[in-house]
Amino acid sequence: MRSRSDRIRHALSFELLGLALVTPLGAWAFDRDMHEIGLVALVCATVAMGWNYVYNLLFDLWMSRRYGHTRKSVLLRVGHAVLFELGLLVALAPYIAWELGVSLGHALVMDMGFAGFYLVYAFVFNWLYDLVFPIPQARAEARG
């Protein structure tokens, strides 16, 4: 299992890098002011950061109980990323509609665009994070 400080480093680095990428891309893709998208992205990132911490802790606990370890196969990583993003879609679409003054349907489409980006981003980021900062148990097994 990861330590609390490692989980916090993970969540912060994930969200800061994600914001740096998604704000200009979102402003361009949705033809909106960078300030508007930046505000929405910041609020969404704050919600996502809390969700990231809780979701990954629960997912690791589930994996530990079910499999006795937290190593993720490619298929499990895909499921992990999809479930994470689905939870955020449900939580964030109403906020996006309200903040940008668009219909819930339009906000859902926009949120799915953000989710599509973050789905790929989460998969790549988490895989790379696990390589750069391996779980102590996984590090010991690799030296084995």
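Q: Which word applies to F14 and Y118, buried or exposed?
A: Both F14 and Y118 are buried. The word means under 20% relative accessible area, while exposed means over 50% and partly exposed lies in between (1.4 Å probe, protein chains only). This is a predicted model, in which local features need pLDDT of at least 70, side-chain atom pairs count only at pLDDT 80 or more, and totals for chains, interfaces and linings use all residues. Residues are numbered from 1 along each chain as its sequence is written, and side-chain values use heavy atoms, with hydrogens and water left out.

Q: How confident is the predictor, and where in the chain is confidence lowest and highest?
A: Confidence is expressed as pLDDT, given for each residue from 0 to 100. The chain averages 88, and 95% of the residues score at least 70. The lowest mean, 60, belongs to helix 5 (residues 136–143), and the highest, 91, to helix 1 (residues 4–29).

Q: What pattern does the chain follow along the sequence?
A: The pattern reads α-α-α-α-α, with five helices and zero strands. Helices (H or I, at least four residues) and strands (E, at least two) are DSSP runs, numbered from the N terminus. Along its principal axes, the C-alpha trace spans about 55 × 25 × 25 Å. Of the 144 residues in the chain, 40% are buried.

Q: Why is the pair of F14 and Y118 called tilted?
A: Rings of Phe, Tyr and Trp (its six-membered ring) pair if their centres lie within 6.5 Å; planes under 30 degrees apart count as stacked, over 60 as edge-to-face and the rest as tilted. By this rule the chain has 18 aromatic pairs. The ring centres of F14 and Y118 are 6.0 Å apart and their planes stand at 40°, so the pair is tilted. F14 belongs to helix 1 and Y118 to helix 4, so the pair ties together parts 104 residues apart in sequence. Both residues also belong to one aromatic cluster, which is formed by F14, F117, Y118, Y121, F125, Y129 and F133.

Q: Over which ring does the charged end of R9 sit?
A: The ring is that of F133, and the charged end of R9 is 3.7 Å from its centre. The rule asks that NZ of Lys or CZ of Arg be within 6 Å of the ring centre and within 35 degrees of the ring normal.

Q: What makes R9 and D6 a salt bridge?
A: A salt bridge is a side-chain nitrogen of Lys or Arg within 4 Å of a carboxyl oxygen of Asp or Glu. The closest N and O atoms of R9 and D6 are 2.5 Å apart, and the pair therefore meets the cut-off of 4 Å. The two residues are three apart in helix 1, which means that about one helical turn separates them. R9 has a relative accessible area of 37% and is therefore partly exposed, whereas D6, at 10%, is buried.

Q: Which salt bridge does R77 form?
A: R77 pairs with D130, with the closest N and O atoms 2.8 Å apart. This pair links distant parts of the chain, R77 in helix 3 and D130 in helix 4, 53 residues apart. Both residues are buried. R77 and D130 also join R2, D6 and R9 in a network of salt bridges. The count of salt bridges comes to seven.

Q: Why does K72 count as buried?
A: The relative accessibility of K72 is 19%, so the residue counts as buried. K72 forms a salt bridge with D60, the closest N and O atoms being 3.6 Å apart. D60 is in helix 2 and K72 in the loop between helix 2 and helix 3, 12 residues apart. D60 is buried too, with a relative accessible area of 4%.

Q: With which residues is N126 in contact, leaving aside its neighbours within four places in sequence?
A: N126 is in contact with H10, R77 and H80, where contact means heavy atoms within 4.5 Å. N126 lies in helix 4 (residues 104–132), and its relative accessibility of 13% is why it counts as buried.

Q: Which residues of the largest nonpolar core touch the most other members?
A: They are V40, C44, I96 and L100, in a core of 17 residues. Such a core is a set of buried Ala, Val, Leu, Ile, Met, Phe, Trp, Tyr and Cys residues joined through side-chain atoms within 4.5 Å. Helix 2 (34–67), helix 3 (74–100) and helix 4 each supply at least two residues of this core. Helix 3 gives the most, with eight residues. Another core, of 14 residues, lies apart from this one and includes A27, I37, A41 and Y129.
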